[in-house]
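User: Can you walk me through this one? I'd like the overall picture, then some local detail.
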Amino acid sequence: MEENQHFICGVVEGFYGRPWSMDQRRILFQWMQKWGLNTYLYGPKDDLKHRLLWREVYSPEEEGQLRTLIEEAQSRGLRFVYALSPGQDIVFSSPCDLTLLKRKLRQVSDLGCRAFAILFDDIDHSLCQADSEAFSSFAHAQVTVTNEIYRFLGEPSVFLFCPTEYCGSLCSPSVQKSPYLQTVGEDLLPKITVIWTGSRVISKNLPVDRLAEVESVLQRPPLIWDNLHANDYDSRRLFLGPFKGREPWLRGHLRGLLLNPNCEFEANYIPLHTLASWYRAGSQERKDVETDYCPDRALSAALHDWMDELNQPLQAGRQSSRGDQRCSRAKTPDRSDSTATFRGTSVVAKLPVFPLNSSSPPPSPTKGKGERAVEAAESPRQPERASRPGIPTGRTHTYKSQGRGLCGGKGLLSESQVRLLVGLHYLPHEHGPSAQKLLQDLTWLKSNCHLVSANSKKTSPHKVDEWRSRASEFLSLCEDIAQLHCSVVGAANRAVLYDLYPYVWDLRNMALVAKAFVCWLDGYVLNDSATLASWKNCFQLCGKTTGTDVAGDESEPWAFKGGVSGEVQMLLPVGGSSELFTHPPPLFPTSRLYNIRPYHSKDKVELYRMVRQLHLRSHCGQESGSSHPDVVGDRCLGPCLALCPEYSFILEDELGLCGCILGIMDVRSFAKRCQSSWLPAMRDKYLPNGGHSNTQELIKLMEEDQGEYPDSLLYHFPSQLRLDTLPELVDVSVSRTLLVTLLVALKANGSQGVFCEVQPTDRQRLEFLSKLGFLEILRGEARSREGVVMARLL
């Protein structure tokens, strides 16, 4: 036991992100005791106090909580290390500041803590005037205060010091020649341990020669503060991969190793489990098994054990505070981003031709089972899933959930799904196998899309088959990601859901866009011989390599943010527009499976039925002027579906079609085509014998809908869009994803800007577009209408 305690190996908690709850820490201590980890370093973080916290003694209530935490750790045989970060505001030469620091640490010592850490990381190197006169250097000031605190506390057996130059990349001019580190090595009392992160803040590897260099300068073995799994620098990244890049025999060159984990508690099972495997491998007495640590084997063992945790119902008290808030707020879904559709003010009201769900009715009261059954009978939603030859739009699934409600949490995650989850959220410098394949296939499909472009010259059938085969594999992986999202939302362990949901949600949405984009490439993308096409230049601006390739081994992983989601984003034509992709997840997780795909002619009947029923809802069941069932569909959707179907996308869930987005590539050209072909067809359809007066008025409105927009608008924003989705959707983020899908297609074929009209009173839609980077361009000037024109560049 003594040898095991000599080497410090454990966990850091409390510096960034939301603090873990006491129940979560108890579970952490259970894990650590079970797996043989021996040290827990606690850095207090209380809202905005952080650096200032060292100045304040704990209140009786806070003191009681801290005492409980210390006793809980010690009862498990763990060493509790209390850390403070006074460097941001301390005056090193001030006796008053030093007294305050001692007072705070004495209070913690009286609670039973016997190990401490003083941290001077990430602070300004400059000294105030008083300190400049009292100390010869910045390092001298830190060392002097640290030595005095160490003696004041009775020279505890574990006392850690984090220097300001705590990794190779921060040393000036180098590790060996750094005056700062030389002062620390020479003047810091020899039994004080110095913290080090490696060559970088987040080091991919810890080479023994680099550690020997540090040990020589510091005149003691360092303790590694390992940021391998820390994710506080990127809100879209999570690290579920194994402890890797550190050989077990390195412990002979170290005083210890503390892992700085993911901010999300439930994401740390595999990192800590595999860290313990590494620690045990380095503890073996026989030298022939010292390196018997295999990250892949350790990952498999951790996955096997984690499966039991993932599929266990949530234990009392384990749920985090954020999870509690979500559950309490899930009673009344927020539809601020909801995108319902089509509402007029009269029987044949004047409407913008392509509004963004203009003036949608308020959400209906919750329906009972009987009402939902009646509505379902009136509107059957099981359309035939059509696809173009060669590219499957989805595998057949057996769906078990009912309605569009919130998930109840009764599902089980399979081991293959958990492996997919880990592979997609692996390590900062390395993607897992599933993520690698996702990025490689998308890069290849995009680079070779000329093989299946709309106006390509004769291409070898073998090459076309190869493209479609790889496309099929890519689509299957995207569907697996969608199923993973569904399973995480439906998992029995709700604590895991609340911690992992933002990440699987983000990747699910990105996979929806990427999948639709690949389906659209087959037959719709234009090559560089087309009049409007700039796809070649556009794609040259997109990413061609993965972020890990760009960053390299010696770069910090925050140089390329977003992880797999960010890299998929950068492979899309609008990938540089972060506002389209970075939004908080909805508060109300839903396990519905969604699919976005290009429009097919067989979808027309269902689309017309959808907009007609939405029109009836908004008019309290009243028909428009004509009793013909196609009137609403022909006016709202018909021109786009007939003249530019290649820019129409369908949103469907497990019940069928639930939304669509329609785009016009070139509004000027489109208007001319409407006048020459679409409107004559409508006159023939609705006015064969003169027609009813209401029908004649409808035809007149159709003609007015095709009026001209100002040249100043169309010069910068030649494209237009219309978005319609059912109002009962719970996951309103799919509306945003659907819109992004169209922007990707428009940009790929050369559009430089897009606009849409919104009613000026429709604040929800205006806010929805504003969040996606749309700006108000015209108000009350477009074709003498009252609509607000919102537009954005692509």
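Predicted model: local features only at pLDDT ≥ 70, side-chain atom pairs only at ≥ 80, totals over all residues.

User: Fine. How many helices and strands does the protein chain have?
Analyst: The count is 27 helices and 15 strands.

User: And what share of the residues is buried?
Analyst: Buried residues make up 58% of the 794 in the protein chain.

User: What do the contacts look like along the sequence?
Analyst: Take contacts between residues at least 6 apart in sequence. Of those, 80% join residues at least 24 apart.

User: Let's zoom in on H3. Where is it, and what span does it reach?
Analyst: H3 covers residues 60-75, which is 16 residues. From first C-alpha to last it reaches 22 Å, close to the 22 Å expected at 1.5 Å a residue.

User: Which of its residues are buried?
Analyst: Leu-66, Leu-69, Ile-70, Glu-72 and Ala-73 are the buried residues of H3. They sit on the same side of the helix, because their arc around the axis is only 165°.

User: Why would residues with that spacing point the same way?
Analyst: An α-helix has 3.6 residues a turn, so residues three or four places apart point the same way.

User: Back to H3. What does the buried side pack against?
Analyst: Four elements: helix H2 (22-35), strand E2 (39-42), strand E3 (79-84) and helix H4 (95-110).

User: And which exposed residues are on the face turned away?
Analyst: Pro-60, Glu-61 and Ser-75 are carried there.

User: What comes just after H3?
Analyst: Gly-77, with a positive phi of about 80°.

User: Which residues other than glycine have a positive phi?
Analyst: Asp-122 is one, with phi near 55°. Gln-219 is another, at about 60°.

User: Where do Asp-122 and Gln-219 sit?
Analyst: Both are in loops. Asp-122 lies between strand E4 (115-119) and helix H5 (129-134). Gln-219 lies between helix H8 (208-218) and strand E7 (223-226).

User: Is Gln-219 buried or exposed? And what about Asp-122?
Analyst: Gln-219 is exposed, at 52% relative accessible area. The cut-off for exposed is over 50%. Asp-122 has 41%, so it counts as partly exposed.

User: Switching topic. Where is there a cis peptide bond?
Analyst: Between Ser-172 and Pro-173, with omega about 0°. Pro-173 is in the loop between strand E5 (158-162) and helix H7 (179-187).

User: Now helix packing. How do H13 and H15 cross?
Analyst: The axes of H13 (residues 415-424) and H15 (residues 461-489) come within 10 Å and cross at roughly 105°. The two helices are therefore roughly perpendicular to each other.

User: Which residues make that contact?
Analyst: From H13, Gln-417, Leu-420, Leu-421 and Leu-424. From H15, Leu-477, Asp-480, Ile-481, Gln-483, Leu-484 and Ser-487.

User: Last one, Gly-576. Which loop is it in, and is it buried or exposed?
Analyst: Gly-576 is in the loop between helix H19 (563-570) and strand E9 (595-598). This glycine is exposed, with a relative accessible area of 63%.

User: How far is Gly-576 from Gly-566?
Analyst: Their C-alpha atoms are separated by 9.8 Å, and the two are 10 residues apart along the chain.

Definitions and conventions:
Residues numbered from 1 in each chain as written. Heavy atoms only, no water. Expected span 1.5 Å × (residues − 1). Buried < 20%, exposed > 50% of the residue type's maximum accessible area, 1.4 Å probe, protein only. Arc of directions from axis to C-beta. Contact = heavy atoms within 4.5 Å. Axes fitted to C-alpha atoms, helices over the stretch in contact; angles between N-to-C directions. Parallel < 35°, antiparallel > 145°, perpendicular 65-115°, else oblique.
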